[in-house]
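Please read them alongside the sequence and the coordinates.

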Amino acid sequence: MVSLTAEYALRAVSYLAVEHDQPRTVHQIAEATRVPPDYLSKVLQELSKLGLVRSQRGLYGGFTLVREPPQLTVLEVVQAVSPLHRIEDCPLHRDGHGPGKLCPLHKLLDDATAYIERSFAGATIADLLEADGDIRVLGLPPHTEPVRENGPVKKPS
């Protein structure tokens with residue numbers, strides 16, 4: 001029920017959340033999250049358009065989260081790239097299946113979507129970072145020194 005695009009967005013946002021103030025390049029995020037870089041670039045553009053991540057160009061550029069991880073829900077990230085769709089009318093259009101009246105199949109599907117929606121709305125990105133009292137994303141160790149394709153980044157003085 002959740003698209004691969006949504007999972008990729010959640011991986012990227014979780015990765016950015018570990019050090020939310022340090023810009024990360026598409027290449028860095030893709031390598032760490034095992035998301036194809038070209039696809040990830042499109043996902044990050046969508047997240048940027050909707051104001052969930054910020055994109056900076058230049059030598060010290062990259063992507064960062066706009067909000068702190070506890071203020072960003074899983075649902076917001078999912079809805080930004082691959083919205084969950086609720087079923088309001090039965091697509092079969094049979095007698096007794098009018099607006100707001102779903103057949104058993106479509107009611108079950110809508111109930112499942114509603115459950116996922118509630119679960120995602122109640123979970124923040126910060127919740128995804130907690131594992132055994134240590135902050136880990138996708139089993140990765142915390143970031144160390146920022147690295148670019150051509151070596152370590154020199155921080156501005």
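1. Is Val 2 buried, partly exposed or exposed? The model is a predicted one, and in it Val 2 has a relative accessible area of 37%, which means that this residue counts as partly exposed, since that class lies between the limits of 20% and 50%. In the chain, Val 2 is placed in the segment before helix 1, a helix that covers residues 4–18.

2. The surroundings of Val 2 deserve a mention as well, for Val 2 belongs to a nonpolar surface patch that it forms with Met 1, Leu 105 and Leu 109. Taken together, the four side chains' residues in this patch have about 370 Å² of accessible area.

3. As for the chain in general, six helices and six strands are present, and their order from the N terminus is α-α-α-β-β-α-α-α-β-β-β-β. Of the contacts between residues at least 6 apart in sequence, 64% join residues at least 24 apart.

4. On burial and surface, 41% of the 157 residues in the chain are buried, while the accessible surface of the chain amounts to about 9500 Å², with 54% of that surface belonging to carbon and sulfur atoms.

Conventions
Residues numbered from 1 in each chain as written. Predicted model: local features only at pLDDT ≥ 70, side-chain atom pairs only at ≥ 80, totals over all residues. Heavy atoms only, no water. Patch = residues over 30% accessible without salt bridge, like charges linked within 9 Å, V, L, I, M, F, W, Y side chains within 5 Å. Areas by Shrake-Rupley, 256 points an atom, 1.4 Å probe, with all protein chains shown as cover. Helix = DSSP H or I, 4+ residues; strand = E, 2+ residues; numbered from the N terminus. Buried < 20%, exposed > 50% of the residue type's maximum accessible area, 1.4 Å probe, protein only. Contact = heavy atoms within 4.5 Å.
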